[in-house]
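Here's a quick briefing to read with the viewer open. Have a look at the fold, then go through the notes by topic.

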Amino acid sequence: MCGNLNDSNSPIRNEMIYSQDLMCVRHCNQTIFSYDILTQCPLCGKSVGENLDSTPITLPCPFVRACQYPCSIVLRPSVGDFLSSFQNQTNLHIGLTSSNGTIVEFDVNGLTKIPPKSNKLLTDDWDQCLVIASVPESWHDRWDEVLEKISCDPSWSREMYQENTHNCYAFVLSFLSGLEYGEFYHFCHDKLSFSKQIIAAKTQSAAKYITIHRKLQTRHYFIEEQ
């Protein structure tokens, strides 16, 4: 259930806005989401401070700029972005960041490094991504060492790319195998295990945010179906 499209107080939101957290309140036995701070319940008209079913919470925006998250595994749609064009069947592209925020990825163009201060056209693709996991600062030197070593491996040249087998996932899993860090190492030996154990939880929470975000593009509030 959504706010009235004809309501003059219902903003038309810019699709490019993606850094906002969502407000979530429970009132009238319903869960209500909005980008705005709700002062009145849209169902009963009473102040949301009255008869709250639970304490209001925020649903943080899960999307970030990859270059701002050092030594991380990052994920984005292969084409388009999460908020405006992502669908369940959309292919995902996975990459890595170094300790200084350089993005390292492998695709049809071979291995590419994108320094954090690169031309914005190069970094735009990674300006709305999910951070799947990171390592603590004590592992940054080891992370950079393994990343530099694998970056020099001719296995990741343009000519070696294979869409279904020797691709971005193969690159990241090979890196994690060499890193030998905790849970990453346990699940990096095949794509399915890695996807289920490391990626799935992040993408599921992001999917909920995307659904609500799209409902709120032309509406003041969204009521989640119970």
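**Around Ile-73**

Leaving out neighbours within four places in sequence, Ile-73 is in contact with Ile-94, Gly-95, Leu-96, Leu-130, Val-131, Ile-132, Ala-133, Trp-143, Val-172, Leu-176, Phe-184 and Phe-194. Keep in mind that this is a predicted model. Ile-73 also shows up in the largest nonpolar core, where Ile-73 and Trp-143 touch the most other members.

**The chain as a whole**

- The protein chain has six helices and ten strands.
- Of its 226 residues, 42% are buried.
- Take the contacts between residues at least 6 apart in sequence: 66% of them join residues at least 24 apart.
- The accessible surface comes to about 12,300 Å², and carbon and sulfur atoms account for 49% of that.

**The core**

- In general, nonpolar side chains in soluble globular proteins tend to be buried together.
- Here, the largest nonpolar core has 47 residues.
- Helix H4 supplies the largest share of this core, with nine residues.

**H4 against H6**

- Two packed helices are described by the angle between their axes and the distance between the axes.
- For helix H4 (residues 168-179) and helix H6 (residues 191-215), the axes come within 11 Å and cross at roughly 80 degrees.
- Angles of 65 to 115 degrees count as roughly perpendicular, so H4 and H6 are roughly perpendicular to each other.
- On the H4 side, the contact is made by Tyr-169, Leu-173 and Leu-176, and on the H6 side by Lys-191, Phe-194, Ser-195 and Ile-199.
- Sorted by class, that contact has five nonpolar residues, one polar and one charged.
- Two of these residues, Leu-176 of H4 and Phe-194 of H6, are also on the contact list of Ile-73.

**Leu-75, in a strand**

- Leu-75 sits in strand E5, and is buried with a relative accessible area of 0%.
- Once residues up to four places away in sequence are set aside, Leu-75 touches Phe-82, Leu-92, His-93, Ile-94, Trp-126, Cys-129, Leu-130, Ile-132, Tyr-169, Ile-199 and Thr-203.
- Among those partners, Tyr-169 and Ile-199 also take part in the contact of H4 with H6.
- Thr-203 is 128 residues from Leu-75 in sequence, yet the C-alpha atoms of the two are 9.3 Å apart.

**Leu-147, in a helix**

- Leu-147 belongs to helix H3 (residues 140-151).
- Is Leu-147 buried or exposed? Its relative accessible area is 4%, and under 20% counts as buried, so Leu-147 is buried.
- Beyond its neighbours within four places in sequence, Leu-147 is in contact with Leu-96, Thr-97, Ser-98, Val-104, Phe-171 and Phe-175.

**Tyr-185 and its surroundings**

- Tyr-185 is in helix H5, and at 30% relative accessibility it counts as partly exposed.
- Not counting residues up to four places away in sequence, Tyr-185 touches Leu-176, Ser-177 and Glu-180.
- Tyr-185 and Phe-175 are ten residues apart in sequence, with a C-alpha to C-alpha distance of 9.7 Å.

**Positive phi without glycine**

- Cys-71 is not a glycine, but it has a positive phi of about 50 degrees.
- Where is Cys-71? Cys-71 lies in the loop between strand E4 (63-64) and strand E5 (72-77).
- Despite that loop position, Cys-71 is buried, at 0% relative accessibility.
- Glu-180 is not a glycine either, and has a positive phi of about 60 degrees.
- Glu-180 lies in the loop between H4 and helix H5 (182-187).
- With a relative accessible area of 48%, Glu-180 is partly exposed, whereas Cys-71 is buried.

Note on methods:
Residues numbered from 1 in each chain as written. Predicted model: local features only at pLDDT ≥ 70, side-chain atom pairs only at ≥ 80, totals over all residues. Heavy atoms only, no water. Helix = DSSP H or I, 4+ residues; strand = E, 2+ residues; numbered from the N terminus. Buried < 20%, exposed > 50% of the residue type's maximum accessible area, 1.4 Å probe, protein only. Contact = heavy atoms within 4.5 Å. Areas by Shrake-Rupley, 256 points an atom, 1.4 Å probe, with all protein chains shown as cover. Axes fitted to C-alpha atoms, helices over the stretch in contact; angles between N-to-C directions. Parallel < 35°, antiparallel > 145°, perpendicular 65-115°, else oblique. Nonpolar A, V, L, I, M, F, W, Y, C, P; charged D, E, K, R; others polar. Core = buried A, V, L, I, M, F, W, Y, C linked by side-chain atoms within 4.5 Å.
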